[in-house]
Amino acid sequence: MQSGREKAYAYLKDIILTDPEMQDRFLSEQDLADRIGISRTPIREALLLLAAEDLVRLVPKRGAHIAPLSGRDIGELMEMRGLIERFAAERTTTQGSAPVSAMAALLNHQETLRGEESTKEFLATGHRFHATLVDAVGSALMSRQYDALRSRQIRAGVLAPYRSGKCQDEVLAEHRQILDRLEAGDVAAACAAIDRHIQSTQRILLSA
């Protein structure tokens, strides 16, 4: 059973921070407590955790602020994603441990998640597609850092553009290219496919 802090943390991270309308707003502890049905103490504890992850900024006498990501922030985020994903592709392909079967299953599922009502699940499945590759490296620290990058990417307002079928088609095609090249054991081509996908994602984030 989740503690109050865990419940508040999950709600804030999965519901509040993913809502484009919450960008550049201050969060009310009492309002959040009323929504979730818990006291303000676990809300405050959850906000401290999110502040430590740099997902909100605590401002004295005003509360927690959801600061929009700048173009520079997005560029640095995508650069870090590229470093981690390329390393994972190189390491797992060299060692013969690229999780192509698991990634293929996730991609097949993602292809069934079309339309606006499935946007969040579409993106969550896409994250698992990439995270499965990163997790295959076997570094718990790298996996945690990669997961933290996803939270920042969602904060950049990525949900809205991906409600369009065109964006979803592009993502699926790019994921298929990554998977095909990993399955072929072609490290250079897999890394190039990862780079193209990340560049495409960055363009979408900057236009959101």
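Student: Before we start, what should I know about the model and the numbering?
Tutor: This is a predicted model, in which local features need pLDDT of at least 70 and side-chain atom pairs count only at pLDDT 80 or more, while totals for chains, interfaces and linings use all residues. Residues are numbered from 1 along each chain as its sequence is written, and side-chain values use heavy atoms, with hydrogens and water left out.

Student: Thanks! How do α5 and α6 pack?
Tutor: Helix α5 covers residues 100–110 and helix α6 covers residues 119–135; they pack at an angle of about 170°, with their axes 9 Å apart. Helices here are DSSP runs of H or I with at least four residues, strands are runs of E with at least two, and both are numbered from the N terminus. The axes are lines fitted to C-alpha atoms, for helices over the stretch in contact, and the angles run from 0 to 180 degrees between N-to-C directions.

Student: And which word describes that pair, parallel or antiparallel?
Tutor: α5 and α6 are roughly antiparallel to each other. The cut-offs are under 35 degrees for roughly parallel, over 145 for roughly antiparallel, 65 to 115 for roughly perpendicular, and oblique for the rest.

Student: Which residues meet there?
Tutor: On the α5 side they are A102, M103, L106, L107, H109 and Q110, and these meet E121, F122, T125, G126, R128, F129, T132 and L133 in α6. Contact means heavy atoms within 4.5 Å. By class, this contact has 7 nonpolar, 5 polar and 2 charged residues. In that count Ala, Val, Leu, Ile, Met, Phe, Trp, Tyr, Cys and Pro are nonpolar, Asp, Glu, Lys and Arg are charged, and the others, Gly among them, are polar.

Student: Nice. How many residues are in the largest nonpolar core?
Tutor: That core has 31 residues, and L133 and L182 have the most contacts inside it. Helices α4 (71–95), α5, α6, α7 (140–155), α8 (165–183) and α9 (187–207) each supply at least two of its residues. A nonpolar core is a set of buried Ala, Val, Leu, Ile, Met, Phe, Trp, Tyr and Cys residues joined through side-chain atoms within 4.5 Å.

Student: What is L182 in contact with?
Tutor: Leaving aside neighbours within four places in sequence, L182 is in contact with A89, T93, V100, M103, L133 and A190. Apart from this core lies another one, of 18 residues, including L27, L47, L55 and A64.

Student: Tell me about L27: buried or exposed?
Tutor: L27 is buried, with a relative accessible area of 7%. Buried means under 20% relative accessible area, exposed over 50%, and partly exposed in between, using a 1.4 Å probe and protein chains only. The C-alpha atoms of L27 and L47 are separated by 9.4 Å, though the two residues are 20 apart along the chain.

Student: So what sheet does β1 belong to?
Tutor: An open sheet of 3 strands in the order β1-β3-β2, with antiparallel pairing. β1 (26–27) and β2 (57–59) are the edge strands, each pairing on one side only. Two strands pair if DSSP finds at least two bridges between them; 3 bridges join β2 to β3 (residues 63–65). R57 stands opposite H65 in β3.

Student: Switching topic, where is K61 and what is its phi?
Tutor: K61 is in the loop between β2 and β3, and its phi is near 70°, a positive value in a residue other than glycine. K61 is exposed, with a relative accessible area of 88%. D54, in the loop between α3 and β2, has a positive phi too, near 65°.

Student: What does R152 touch?
Tutor: R152 is found in helix α7 and touches E53, D54, L55, L69 and L77, not counting residues up to four places away in sequence. R152 and D73 are 79 residues apart in sequence and 9.2 Å apart in space, C-alpha to C-alpha.

Student: Last one: where does G37 lie?
Tutor: G37 lies in the loop between α2 (29–36) and α3 (40–52). G37 is exposed, with a relative accessible area of 61%.
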